[in-house]
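I opened this notebook to record what I looked up in the structure, entry by entry. The sequence and model come first, and my notes follow.

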Amino acid sequence: MNKKADAEGIGMIFSIIFLIIILFLFYSFSFIDKGIVREETSEQIDLSNININLLSLLRTEVNEFTISELIIDCYSKDDYSKLSTEVNNIFQDYFDKNYCWALIIIEGDKVLAEINNLCGGKPIESIINIPTPNTGDLTIKLIRYGAEKSNPTYSRDIS
Amino acid sequence: MNKKGDSYHLGKEVNLWFPRIIIMVIVILIIFSFIGSHIKRNLDIDYLQSSILTEGLFYSPDCFTHRDENGMKIGVIDHAKFKEQTLNECIIPSKKLTGIGLKLTLVYGANKEIIYINKDAGIKFPSFCSDEKSFACFSKQFYVLVKDSSGIQKGVLKIDTIKSK
């Protein structure tokens with residue numbers, strides 16, 4: 001009879017331990033969650049803002065061509081120097097100077113051009129596909145790096 | 001006979017509790033991690049509200065975005081629509097924007113125009129922003145194209161938001 005009571009007593013102890021573990025896990029998870037979620041939310045909002053910048057950039061007219069037409073022209077000539085000059089000028093004069101901006105042109109898995117892609121830090125990317133006269137689409141990525149830059153000469157070490 | 005049975009019962013109980021706890025802990029961990037990855041608990045409401053208003057200005061057909069026969073051109077500002085009266089009514093009437101104000105600064109060519117949405121609050125930017133306990137301030141800068149009578153020009157639109165907490 002005593003042994004049976006002991007077994008019930010041990011059962012009670014384990015129940016209490018079990019309850020403590022649940023409470024501890026609940027507290028731990030609610031504590032860990034706090035930081036992560038907030039960052040994700042603001043990132044989604046920022047991405048929407050960068051989309052507007054990319055749309056405006058592609059519609060910008062330079063010497064009677066829009067930037068999107070210039071991209072196709074550079075793609076057919078396989079020379080992105082003119083595009084690079086024009087985009088760099090726009091970045092410099094009109095884009096938010098608190099961030100680093102880069103434009104990348106990709107075809108399939110191949111990176112065709114990287115314009116001003118010199119910064120480090122956490123990137124947020126806005127992506128648009130442009131159809132080419134030849135095969136598939138060109139993927140145009142406008143990337144905003146979180147690192148602030150203080151002068152026009154960028155450095156990879158900025159974090 | 002009874003004592004022997006009781007000892008057996010005690011041993012059996014103890015042995016059963018260890019796997020019970022381990023399995024339950026694993027199950028709880030899985031449930032918590034699933035819930036934790038799906039529930040967004042900590043929204044920065046001030047930033048979210050400021051962003052919704054900013055997005056509304058760009059995406060609402062009644063605000064400043066240029067519209068032609070092909071539809072809305074997001075990122076192209078119609079200068080004729082960039083007026084204080086239009087922007088104060090296009091998303092929600094500014095009278096209903098209690099405690100939140102926006103300052104829009106449009107710079108293109110040699111022009112600089114400043115417009116306030118809910119001017120009583122918007123005019124407090126940036127002088128009241130140092131009081132972080134009472135006000136939340138956010139600034140966003142966009143590269144835009146501005147369409148006026150002379151054509152389309154490159155420009156910058158800065159949207160500053162001030163919100164009383």
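**Entry 1: Leu103(A) and the cores**

I began with Leu103(A) and set aside its neighbours within four places in sequence. Leu103(A) is then in contact (heavy atoms within 4.5 Å) with Leu54(A), Leu57(A), Val87(A), Phe91(A), Ala113(A), Glu114(A), Ile115(A), Ile140(A), Lys141(A) and Leu142(A).

I note the basis of these entries: this is a predicted model, in which local features need pLDDT of at least 70 and side-chain atom pairs count only at pLDDT 80 or more, while totals for chains, interfaces and linings use all residues. Residues are numbered from 1 along each chain as its sequence is written, chains are lettered from A and ligands numbered from 1 in the order in which they are written, and side-chain values use heavy atoms, with hydrogens and water left out.

I then looked up the largest nonpolar core, which has 31 residues. I use the term for a set of buried Ala, Val, Leu, Ile, Met, Phe, Trp, Tyr and Cys residues joined through side-chain atoms within 4.5 Å. Buried means under 20% relative accessible area, exposed over 50%, and partly exposed in between, with a 1.4 Å probe and protein chains only. The residues with the most contacts inside this core are Ile67(A), Ile71(A), Leu83(A), Leu103(A), Ile105(A) and Ile140(A).

Which elements give two or more residues to this core? I found helix 1 (2–59), helix 2 (67–77), helix 3 (81–94), strand 3 (100–107), strand 4 (110–115), strand 5 (123–131) and strand 6 (137–145) of chain A, together with strand 5 (135–148) of chain B. Helices (H or I, at least four residues) and strands (E, at least two) are DSSP runs, numbered from the N terminus. Helix 2 of chain A gives the largest share, six residues. Apart from this core lies another, of 24 residues, among them Phe58(B), Ile77(B), Leu97(B) and Ile159(B).

**Entry 2: Helix 2 of chain A**

I listed the buried residues of helix 2 of chain A as Ile67(A), Leu70(A), Ile71(A), Ile72(A), Cys74(A) and Tyr75(A). Helix 2 and helix 3 of chain A pack at an angle of about 155°, with their axes 9 Å apart. Axes are lines fitted to C-alpha atoms, for helices over the stretch in contact, and angles run from 0 to 180 degrees between N-to-C directions. The two helices of chain A are therefore roughly antiparallel, a term for angles over 145 degrees. At this contact, Ile67(A), Leu70(A), Ile71(A) and Cys74(A) meet Lys82(A), Leu83(A), Glu86(A), Val87(A) and Ile90(A). Asp78(A), which follows helix 2 of chain A, has a positive phi near 55°.

**Entry 3: Ile105(A) and its sheet**

Is Ile105(A) buried or exposed? I found Ile105(A) buried, with a relative accessible area of 0%. Ile105(A) is found in strand 3 of chain A and stands opposite Ala113(A) in strand 4 of chain A. The bridge partner of Ile106(A) is Val111(A), also in strand 4 of chain A.

Strands 3 and 4 of chain A pair in the antiparallel sense over five bridges; pairing requires at least two bridges found by DSSP. Their hairpin has two residues between the strands, and Gly108(A) takes a positive phi near 65° there.

I read the open sheet of four strands in chain A as 4-3-6-5, with antiparallel pairing. Strands 4 and 5 of chain A stand at the edges with a single partner strand each, so one side of each is left without a neighbour in the sheet.

**Entry 4: Chain B**

I counted four helices and six strands in chain B. Buried residues make up 42% of its 165 residues.

Strand 3 (residues 100–108) of chain B is mostly covered, with eight of its nine residues buried. Strand 3 of chain B pairs in the antiparallel sense with strand 6 (residues 151–164) of chain B over nine bridges, and Val107(B) stands opposite Val156(B) in strand 6. Strand 3 of chain B also pairs in the antiparallel sense with strand 4 (residues 111–117) of chain B, over seven bridges. Leu102(B) has Ile117(B) in strand 4 of chain B as its bridge partner.

Note on methods
Angles under 35 degrees count as roughly parallel, over 145 as roughly antiparallel, 65 to 115 as roughly perpendicular and the rest as oblique.
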